[in-house]
Every structure is written in structure tokens, then in C-alpha cells.
Amino acid sequence: MEKILFINSCYNYEKSRTLYLANKIFEKFDIDSNFDFEEIKIKDLHLLPLSEERIKTRFNLANKHLFDMDMLTYSKKILSSDIVVIAAPFYDYSYPSILKLFIENISVPNLMYNYSKDGYEGYARGRKFIYISTRGANLPDSEDFGFLSLDRMFTLFGFKETQLIGFGGTDFYEDPYKEIDKYVETLKNPF
Ligand SMILES: Cc1cc2nc3c(=O)[nH]c(=O)nc-3n(C[C@H](O)[C@H](O)[C@H](O)COP(=O)(O)O)c2cc1C
């Protein structure tokens, strides 16, 4: 059975429109029956930004190919997943800083990727990266600069295909959940 790693980068789980969208998609395509599913809740990880000291330690270890630091558990989970799904709300034309901290912590050279004469070589075996997001304003997917950066990162890690499933207008519609339901009805299976 293929493995889906779900990186939940939402806050306020009861009300989050982004998490609502993600869960509706999981339900519609019966993820529980079709995949081995694992969730990481980023807000519970209480991540810290890299510091001068931590960058130094990490580069020293990475140069020796020693990858036993705690945070690298998550790098390894990404490397061994068939599909990675991230759900994150649209913040300031990008995504929340907790997600940036997560990426900063897991993206380790020699473990996730390496430089090659053609640019990069990624070490992930995953076939797809899917990004799910909702935007307050009625903006098109092309305005989601957060996705552009994640698209490049997951391609760099070695994922073969990427897809954005974005819904704009949550702060505009009277009942955004109802609008999200209608939107999900139009979606083809992304998995
Ligand atoms: C800190 C913050 C920054 C935001 N920045 C933007 C923005 O730049 N453009 C926009 O259209 N909506 C913005 N929004 C609105 C959210 O994208 C929108 O409400 C989204 O649906 C929230 O998802 P959630 O319900 O899953 O938290 C912002 C909201 C917050 C809290």
C-alpha cells in the first residue's frame, strides 16, 4: 500500500477552512481505505528557527553524512513517502511561518538532495507532492507564491509531480464551508 504523509500546517483545527478542505478531499477519495496515512501536526512541534550554532552543527554532521539529529526524523519520513500532502492557509502571499520553519529544518543537503552538474539530484522516492490552501481574498492560484516555493523544494527533493489545490474567497463568502463543499465536488482524484 502506498504511503501518504500529511503535513498539517493549519491553526485552529475546529474552524480552519484549509483543514476543512483537506479533510473533504481525503473523505471524497477515501484515503483511509486506499493508503497508509500518517499525519504530522506542525503547530505541536514548537519549532525554532535555525541559529548560527545549529546551522554549524548541521553542516558539520551533513558533511560527514551523519543524519541522526531528532528533526531529521521528519526528513526521513518525507524521503520514504509516496505522496506528501501539505495543508496550509495563505498568509501574506505565502504560508505561515511554522511551515517555513519546518522546511528550513528538514531541508538538509546530502540527505534530501545534492548538487550535481545538472543542478540538483533529489533523494526522495515520492511520486507526488500536493499542496492544499485557502485564501481570504478571491485570488487565483497563480498568486500563491507559497506554492511556487514549495513546488521548487519538493521537485528539488525528487518528487516527480506537484499540484496545488487552492480555494480563494474564504473571507468573502458568507458560508465558506458550503462553497468549499461545492468546490470539492468539482475536483478530480489528485492521488
Ligand atoms: C496572518 C494572516 C495573514 C493573511 N494574509 C492574507 C493575504 O495576504 N491574502 C489573503 O487573501 N488572505 C490572507 N489571510 C486570510 C487567510 O488566507 C484566509 O482566512 C484563509 O482561508 C485562512 O485559512 P484557515 O481558516 O485554514 O486558517 C491572512 C490571514 C491571516 C491570519
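**Figure 1. Surroundings of S9 in the predicted model.** Residue S9 belongs to the loop between β1 and α1; helices (H or I, at least four residues) and strands (E, at least two) are DSSP runs, numbered from the N terminus. Apart from neighbours within four places in sequence, S9 contacts I42, I86, A87, A88, P89, P96, I98 and L99, contact meaning heavy atoms within 4.5 Å. The relative accessible area of S9 is 0%, and S9 is therefore buried (under 20% relative accessible area; exposed is over 50% and partly exposed in between, with a 1.4 Å probe and protein chains only). Residues are numbered from 1 along each chain as its sequence is written, and side-chain values use heavy atoms, with hydrogens and water left out. Because this is a predicted model, local features need pLDDT of at least 70 and side-chain atom pairs count only at pLDDT 80 or more, whereas totals for chains, interfaces and linings use all residues.

**Figure 2. The buried side of helix α4.** Within α4 (residues 72-79), the residues L72, Y74, S75, I78 and L79 are buried. These residues lie on the same side of α4, because they cover an arc of only 150° around the axis; the arc is that of the directions from the helix axis to the C-beta atoms. The packing partners of the buried residues of α4 are the strands β1 (3-8), β2 (36-41) and β3 (83-87), together with α5 (97-106) and α6 (145-157).

**Figure 3. Surroundings of D144.** The loop between β6 and α6 holds D144, which is buried at 1% relative accessibility. Leaving aside neighbours within four places in sequence, D144 is in contact with F90, Y131, S133, R135 and L164. A polar atom of the D144 side chain lies 3.0 Å from the backbone nitrogen of F147. Between D144 and F154, 10 residues apart in sequence, the C-alpha to C-alpha distance is 16 Å.

Figure 4. Of the 15 residues around the ligand, the nearest are S16, T18, F90, T134 and T170 (a residue is near if one of its heavy atoms lies within 4 Å). The shell comprises six nonpolar, five polar and four charged residues. An oxygen atom of the ligand lies 2.7 Å from a side-chain N or O atom of T18. The corresponding distance is 2.6 Å for T170 and 3.0 Å for D171. Taken alone, the ligand exposes 650 Å², of which the protein buries 72% (Shrake-Rupley method, 1.4 Å probe). The elements giving two or more residues to the shell are α1 (17-28) and β6 (128-135).

How values were computed. Polar contact = N/O pair within 3.5 Å; in protein donor to acceptor, adjacent residues only side chain to side chain. Nonpolar A, V, L, I, M, F, W, Y, C, P; charged D, E, K, R; others polar.
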